[in-house]
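Please walk me through this model in the viewer, one selection at a time. I would like to know what to pick next and what is there.

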Amino acid sequence: MPALIRKWKFPFLMLGPFMILIFLFFFLPVILIAVLAFTGMDSSMQWTFNGLENFKHLVSDPNLGVILKNTCLYVFFTLLINVFFGLILGILTTYFIQKESIGLLFRTLWMLPRISPPVVYVLLWLWFFDPSQYGVLNSFRAFLHVPPEKWLASNPMTAVILANGLVGASYGMIIFSSAIKSIPGELIQAARVDGAFHWAMIQDIIIPAVRWPLMFVTLWQLLSLLTSYDYILLLTNGGPLYSSEVLALYSYHKAFENFQYGYGSALAFILVGIALVMTTILWKIFGMNKLMGSSRIE
Amino acid sequence: MKRSTAGILATLVLGMGIVSGCGGNDTKTVPSGNASGVVTIVAQTAGEEKTRVDNLVQAADELNKELKAEGKNVQVKVKTNDFQGSWDDYAKQFMLAFKANKAPDIYATGHENIGWLADGHYILPLDSLKNSKAYSDVFPTLWNAVTYKGKIWGAPQDTEARPVFYNKDILKKMGWTDQQINDLPVKVEKGQFTLDDMTKLAQEAQSKGLAQYGIVHRPVDGPDFSEFVYDFGGKLYDPAQNKIVFDKPAVAKQLNYFYEIAQKKLIPDHLTSMDWTSIHKTVVNGKTLFYYGGIWNVFNWSQGNYNDKLGKVDAKWVNQHFGMMLVPAAEKGGKPVTLSHPFVYTVSSQTKHADLVERLLELVAAPKYQVKHDLTTFHLPVTKSAAEDPAFKADVTLGNVSYMTNYTTFIPNLDKFPQYSKDVFNAIQAVELGKQTPDAAMKDLEVQLKNDLGNELEIVQ
């Protein structure tokens, strides 16, 4: 026993503070949500436990169908842009643009929306989609003498996916470009000597090299997208009607606009469940345990 | 295993402790009869109308003089806060401040919030205030707005009217004489000019190319939409059951009305996604014949550069170019309506100086303070004595609409009413955008309301 303590004392001392932080800021909120999901807490903020009432309410909620559909559409298509567009950006700025300074400049530019406050970034999109003739898209239509179109009202989901997809692609871009950079130069040169064309290079060298980052980014972005709603809130606020409302935003609206904290927590709790299930499935599909396992070369 | 179970339990207890520990629901009010020195009273409001709290600062000077004369060793200092943000955030901020034991002593808010504020024990009942001399001549109907579960929970601060603004210039171009234009509110009051006539007139103005739109209403959810239920003879609240009423025949007519004006292209086709600035610009630049507005819009238009040529416009300009009328009756000879949304002072149950706060609220009800606030922000007074004030009566805008109090209605102050209002607004949006017919929207609305309000809903077939 003393030997065991001696063995673990130092790692525990080093990891201890982080474990406490993780517990306070990651586990505790989940536990609180789980407890709150079984209460009818409303604007009076009283802990009135009501059993499965919130979940019964959820099943009969007439908006749930459309919100789940929206969530699937939003997560799937945004993820598609995040991952594939991120990969294209990564390949463009590392493989096709060989000069590092230019590639770096391009990547930095693409990172700008990520580091600028969402309100500013969304303002640009709102201007782009403005329903009057002064909006960017509508000014092109005005140039062709076509009447203005109310883009955000008629295609809210497309706007939401585009805005989120483009800003999210920068994350994949950074991960992929560093993975591509780490491919040994000899490998590329040897392929060139063998007469490989760009497509063969991408297919046979780059894609296999970024396999793990690709899976990691997919999983990471999927989890972020499931719970993110800030751009949607600012761009369309889930409307018109419920046409761009996703589960995370619905939970926010219920808890912080209608002050149904209990019901909002039940929705968030479902979201946590979905995230866990999706992580497990993708973990299995991708065989991520191989990534985490010890190296086979040693 | 045992250790992990204990860990989870400890977390639960800790988590609940953290959350409930923040709560201060049972804070006892300490009478400040023995208070001495300088007592600070915090008063909070939201929005541009800061006279709501600034008046309290001036009333505190009077209170201090009174206290001095009484030989008491206490002086009151009022600290004011004004919140800039949405009404939802304003409510949320109060809840969190309360849980942190930092609630303002006086919280000015719309009367519809009284339900949840009282249910959550956030505020003190103020029945004694109703019996005070200062509030003895409050328009009796206004007490209904602050009564909840048989008690008075707020001191009426101001009220207003929601008139329909009509553009005089457009009517002139349509060949109306000045006499006819100025008589329109009277015809509306007598029930000779109905909602249907208003739609036809809007169509005429639009077809002649004199107005881009016939009718414009607010772009977001708000109390305005509820006045149509009253106009179509329905009700929103059953006091006997203390339930929100879903009056199906009246709501169906309400949805049909918005469907009709949208189908006839009288409203902008993206009205519910427009922002307030565009709404004000549309109205002030004469692009619409009718606008379902509020009397306080006269104040808004004097604050922002909405007119393309003139920028800010004053009340005199507004009265030259716009007339104000009640919402016309649905049927010939019927009663027109308007809706008021009285603002009220509520007193936090965390206040340590309930008696001083009460005395302050009595002083601030004096006509001079009300009139100052009303004239600056275009609201209506809550007491008869303030309504009789010569300065108030002389105001061209307010003088024209004070009769509307006779036709006024209120929204219920039940805590679930905002949810009802949001659901109905969604249905209105659905029919206006042409996504649903009124019948389909009614069916969905019923399911939605049953789900959202549960036992607190009463359905009238």
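**Aromatic pairs and charged neighbours**

Start by selecting Trp301(B): its relative accessibility is 0%, so Trp301(B) counts as buried. Keep in mind throughout that this is a predicted model.

Next, turn to aromatic pairs in general. Ring centres within 6.5 Å make a pair, and by this rule there are 45 aromatic pairs over all chains. For one of them, select Trp125(A) and Phe129(A): the ring centres are 5.6 Å apart and the planes meet at 25°, so this pair is stacked. Trp125(A) and Phe129(A) are both buried.

Now go back to chain B and show the rings of Phe165(B) and Trp301(B). They form an edge-to-face pair, with 5.2 Å from centre to centre and 65° between the planes. Colour strand β7 (residues 164-167) and helix α13 (residues 297-303) of chain B: Phe165(B) lies in the strand and Trp301(B) in the helix, so the pair ties together parts that are 136 residues apart in sequence.

Two charged side chains come next. In chain B, select Arg52(B) and Phe343(B): the charged end of Arg52(B) sits over the ring of Phe343(B), 3.6 Å from its centre. In chain A, select Arg211(A) and Trp212(A), where the charged end of the arginine sits over the tryptophan ring, 4.5 Å from its centre.

Notes
Residues are numbered from 1 along each chain as its sequence is written. Chains are lettered from A and ligands numbered from 1 in the order in which they are written. This is a predicted model: local features need pLDDT of at least 70, side-chain atom pairs count only at pLDDT 80 or more; totals for chains, interfaces and linings use all residues. Side-chain values use heavy atoms; hydrogens and water are left out. Rings of Phe, Tyr and Trp (its six-membered ring) pair if their centres lie within 6.5 Å; planes under 30 degrees apart count as stacked, over 60 as edge-to-face and the rest as tilted. Buried means under 20% relative accessible area, exposed over 50%, partly exposed in between (1.4 Å probe, protein chains only). Helices (H or I, at least four residues) and strands (E, at least two) are DSSP runs, numbered from the N terminus. A charge sits over a ring if NZ of Lys or CZ of Arg is within 6 Å of the ring centre and within 35 degrees of the ring normal.
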